[in-house]
Structures are given as C-alpha cells and as structure tokens.
Amino acid sequence: MANPFTMGVASGEPLPDGVILWTRLAVDPLHPDPARPGGMPPRAMPVRWQLAEDEAFTRIVREGTAQALPAWAHSVHVRVDGLRPGADYFYRFRSGTDLSPVGRTRTADEETATRAVRFAVANCQRYEHGYYTACRHLADERPDVVFQVGDYIYESRQAGSYVRRTDQAGAASTLHAYRNRYARYKTDPDLRAAHAAAPWVTTWDDHEVLDNYRGAGDGSAAFLRRRAAAYQAYYEHLPIRVRPEGGGLRMYRRRTWGRVADFMVLDARQHRTATTLLGAEQESWLMTRLRDTPVRWRILMQPLFFGRRFVPGPPPNLRTDSWDGHQVERDRVVAAAGPAGLVVFSGDVHNAWAGDLKADFLDPASATVGAEFVCSSISSRPPVTDSQAVLGANPHLRFFDGRRGYLSCVASPDELRVAYRGVDYVDRRGAPRVPVAEFVIPGDGVTFGNASSK
Ligand SMILES: [Fe+2]
C-alpha cells in the first residue's frame with residue numbers, strides 16, 4: 001500500500017496543557033468510490049503517534065495508538081493533555097512502516113501569563129482561484145497559533161476562468177463529495193505546510209456548506225442531511241476538539257492566552273434564525289464572556305464584516321448576510337465589551353479593510369469603542385469594489401488593500417500589533433511576501449494608529 005499520509009498532519013485547539021493532533025489516512029485522496037474514501041480498506045486501522053520536545057524525537061513525552069475508523073474517513077483526532085504551557089512540541093504518526101511528516105505545535109499560555117502571543121489570521125482559499133503562496137509565507141513565520149475564519153473550502157463549482165481545476169463536476173452535496181473537496185484542497189503543499197507549522201483554531205463561514213446559508217436553511221430534511229454531511233467532512237479534515245452530534249457541531253468557543261488575549265471564536269452560520277445572527281444561546285454565552293473576562297484583549301474571531309459598510313450606488317447598499325443585517329445585535333455585542341473595547345477579526349469580502357468600531361456608526365463623532373481588521377483571502381478573487389467611494393461613505397473605515405494575503409499579529413499587555421501581509425499574484429507560484437501595512441493599538445487604548453516599521 002502507498003504511504004497513506006497524503007493529506008499531511010495538523011494540530012489545533014491549543015489549551016495551556018494540551019492540543020489536538022490530526023491526520024487522515026488516504027492512499028488515494030480523490031478515490032471515486034464513496035464506499036472507500038481515500039482508497040482505504042473498509043476497516044479500522046491503528047495509527048501510532050508520538051509527541052516530543054525536539055524535532056529529532058529524542059525527548060518523547062507522549063505516545064500512543066489511535067484507531068482510524070472508516071466511519072470518519074480514517075481521520076484521527078488525538079487529544080493530548082498534561083503538557084507544559086506556552087511550549088513548542090513536535091509530533092508525527094506511523095501506519096505500518098509508513099511515517100507521516102513532522103508537525104510543530106504549541107500549547108497556549110497559562111492563565112497568569114503576561115507574555116506576548118503571536119497569531120495569524122487567514123480565510124477564503126478557493127482552490128480554483130490560485131495558489132496558496134500566502135499559506136507558505138504564513139508557515140515560514142511559525143506563529144503561536146493560526147486562526148482560520150471561514151471558507152476553508154468552496155462547495156460550489158467555479159464558473160468562468162480558473163487557475164487550477166478541481167475534478168468535481170458540480171457543487172458538493174454528499175458526504176463523499178465534501179470529503180473529496182477537502183482532499184483536493186489538501187493536495188496543496190503550501191496549505192499542508194501551514195498546518196504543520198502551527199496549531200490552528202478554525203471556524204466556518206457559509207461555503208463549507210452552501211453559499212449564504214442560514215441555520216437550518218429551508219428547513220427541509222434534504223438540506224439538514226446536506227449540512228450534516230458538510231459538518232462531518234469539516235470535522236474529519238480539521239484538528240477540532242468536538243465531534244458532530246445529531247447533525248450539528250458546536251463551534252463557538254473561547255481560547256485564551258494568559259492575561260493577554262481572550263479569543264472568542266464565533267459560529268456565524270449554524271444558529272442563525274430570521275432575526276438573529278448568533279442565536280440566543282451563543283449570544284448569551286458571548287455577552288457573559290465579554291463582560292466578565294479579566295483578559296486585556298477581547299478578540300472576536302469570526303467570518304463576517306462586523307462594522308457598518310455602506311456601499312454607495314444602487315441598492316442594496318448594506319449586505320444583509322453580514323452584521324449590517326443585524327445592527328441591533330451588533331450594538332449589543334459592542335456595548336457588552338465596555339470601556340476596554342473590542343477587537344474584531346473578520347474575512348468574507350476578499351479584500352483587506354481596517355476600521356474603527358463606533359458606539360453609533362451613523363454618528364462619526366460618537367465614541368470609538370474598538371477596532372476591526374478584515375483579512376482579504378488566501379486565494380479567493382475579490383469582487384469589483386470602488387474602495388474610494390466606500391471609504392468616503394464610511395468615515396470609520398480607514399484602510400483598504402486589494403491584495404491576497406493574511407494577517408500576522410502580536411498581542412501583549414503593551415500593545416496589539418496587526419501586520420497585513422500580501423502577495424501580488426496567485427495565478428502562479430512563488431509570489432514574494434509584501435509588507436502591506438501595519439497597525440498598532442496601545443495597551444491602554446481602543447483606537448489603532450499606523451505602526452512605524454520595525
Ligand atoms: Fe470567501
């Protein structure tokens with residue numbers, strides 16, 4: 001049998017004492033037979049795993065055997081605990097005599113820590129639109145943790161021109177099709193490198209299931225079956241802690257680094273109703289956390305443009321699929337953060353933006369209560385945007401850039417620093433990393449300024 005570690009390795013969900021280690025066995029990642037995902041035999045397969053303090057695996061601190069089950073497409077999620085906080089570790093898997101690549105991971109800082117955390121933000125990687133060069137640059141930075149805020153895959157078929165082709169005829173709607181869509185994306189070596197370089201914390205947007213879906217969609221059994229299949233495939237291909245259950249998957253959660261950064265990871269899709277974006281339960285969880293956290297930086301990691309973005313011209317001028325469709329709910333979230341302010345990271349729109357969060361977005365003179373940093377995309381093409389007109393119509397929006405890229409950030413008690421890194425092209429490999437812009441919020445502030453380059 002060929003080496004089954006074709007999809008690489010990953011780790012995620014760092015806590016001060018543990019991480020999740022992930023891999024999936026697949027000798028033939030795009031195998032066409034739904035009964036044999038990844039071309040694997042339909043039986044449980046033992047997978048050995050090791051975690052070490054050094055890359056040469058001379059100081060192994062944990063090891064064991066996990067069962068890769070056909071019901072979960074031979075994916076493996078190993079929950080490792082009892083580790084030291086704020087520490088680097090290295091891990092690998094073995095199946096028979098085949099070894100996986102080595103991954104580097106890192107635990108979160110302990111509750112009392114005040115050291116800086118280095119994190120990256122990425123999103124929107126439509127395979128057909130180009131190469132994942134930005135993931136390669138992100139991997140080279142070896143951050144403490146990577147946040148992926150949605151559109152890890154696109155379920156739909158690309159219309160029009162493409163840079164790379166997926167072999168899928170139409171939109172994914174079955175478990176097999178979703179699995180093979182993830183498998184196709186993971187054939188990209190730069191994406192695998194980014195997973196092997198650092199632990200990831202992910203949340204989804206719409207394209208992991210269906211463009212612009214909300215909650216239970218049309219409420220039909222067919223949609224709920226499709227959503228359950230999509231959620232299962234998401235779980236099978238990412239290093240997350242919680243398994244899907246009853247057709248749902250609990251995604252909203254917080255991940256904390258000491259007293260420095262409280263990352264609240266939101267699910268902007270699953271719990272939506274006609275009137276709420278987060279759903280009552282998630283909103284109540286978020287409110288409590290925002291009010292009570294003693295941590296300096298209250299950070300929302302979520303897919304959708306958060307601040308007001310009025311687009312001049314013919315209606316619709318506000319995007320109702322986003323937070324602009326839920327303005328009262330947005331005001332409640334901002335208010336709950338209080339004077340310490342709120343920092344929001346988002347994606348979805350395939351262009352980079354940054355702006356102030358306002359107590360009243362319609363009144364430019366109202367208090368600034370936080371900041372939003374919108375990450376563009378790893379590869380997904382941007383829409384045609386008259387950025388000057390949008391900046392002019394929204395005085396709280398202060399920055400735009402149209403390149404593909406990611407964010408490279410450092411949070412410490414003294415400041416939050418956000419660097420936009422870009423690439424000038426994705427239609428071929430090898431684009432150099434461009435330092436697009438860098439912003440900093442001082443430790444006692446809520447407003448960002450331009451950072452002097454270091
Ligand atoms: Fe996207």
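The sulfur of Cys375 lies 8.4 Å from the closest cysteine sulfur, that of Cys124, which is too far for a bond. A disulfide is a covalent bond between the sulfur atoms of two cysteines. Here the term is applied to a pair of cysteine sulfur atoms within 2.5 Å. The structure holds zero disulfides. Cys375 is buried, at 0% relative accessibility. Cys124 is buried as well, at 1%. Buried stands for under 20% relative accessible area, exposed for over 50%, and partly exposed for values in between (1.4 Å probe, protein chains only).

The model is predicted, so local features need pLDDT of at least 70 and side-chain atom pairs count only at pLDDT 80 or more, while totals for chains, interfaces and linings use all residues. Residues are numbered from 1 along each chain as its sequence is written, and side-chain values use heavy atoms, with hydrogens and water left out.

The protein donors are Cys124 (SG), Asp151 (OD), Tyr154 (OH) and His350 (NE2), at 2.0 to 2.5 Å from the iron ion. Donors are N, O and S atoms within 2.8 Å of the metal (3.2 Å for Na, K and Ca); water is not among the atoms, so sites may look incomplete. Along the chain, the donors follow the spacing C-x26-D-x2-Y-x195-H. Cys124, in the loop between β9 and α1 (133–141), and Tyr154, in the loop between β10 (145–148) and α2 (175–185), are 30 residues apart and link distant parts of the chain. Helices (H or I, at least four residues) and strands (E, at least two) are DSSP runs, numbered from the N terminus. Both Cys124 and Tyr154 are buried.

The angles among the four donor atoms run from 88 to 167 degrees, and the iron site is irregular. Four donors count as tetrahedral if all angles lie between 85 and 135 degrees; four count as square planar and six as octahedral if opposite donors are over 155 degrees apart and all others between 65 and 115; anything else is irregular.

Helix α2 is mostly covered, with ten of its eleven residues buried. Among them are His176, Arg179, Tyr182 and Tyr185. The cover over the buried residues of α2 includes β2, α3 (189–197) and α4 (221–237).

Strand β2 (residues 18–24) is itself mostly covered: seven of its seven residues are buried. Gly18, Ile20, Trp22 and Arg24 point one way from β2, and Val19, Leu21 and Thr23 point the other way. β2 pairs with strand β1 (residues 9–15) in the antiparallel sense, over five bridges. Two strands pair if DSSP finds at least two bridges between them. Ser11 has Leu21 of β2 as its bridge partner. β1 and β2 form a hairpin with two residues between them. β2 also pairs with strand β5 (residues 75–80), again antiparallel, over six bridges. Thr23 has Val76 of β5 as its bridge partner.

Asp109 sits in the loop between β8 (103–106) and β9 (117–122). Asp109 is buried, with a relative accessible area of 3%. Its side chain makes a polar contact of 3.1 Å with that of Arg115. A polar contact is a pair of N or O atoms within 3.5 Å; within protein, one must be able to donate a hydrogen and the other to accept it, and residues adjacent in sequence count only if both atoms are side-chain atoms. Leaving aside neighbours within four places in sequence, the contacts of Asp109 (heavy atoms within 4.5 Å) include Pro16, Pro85, Thr256 and Trp257.
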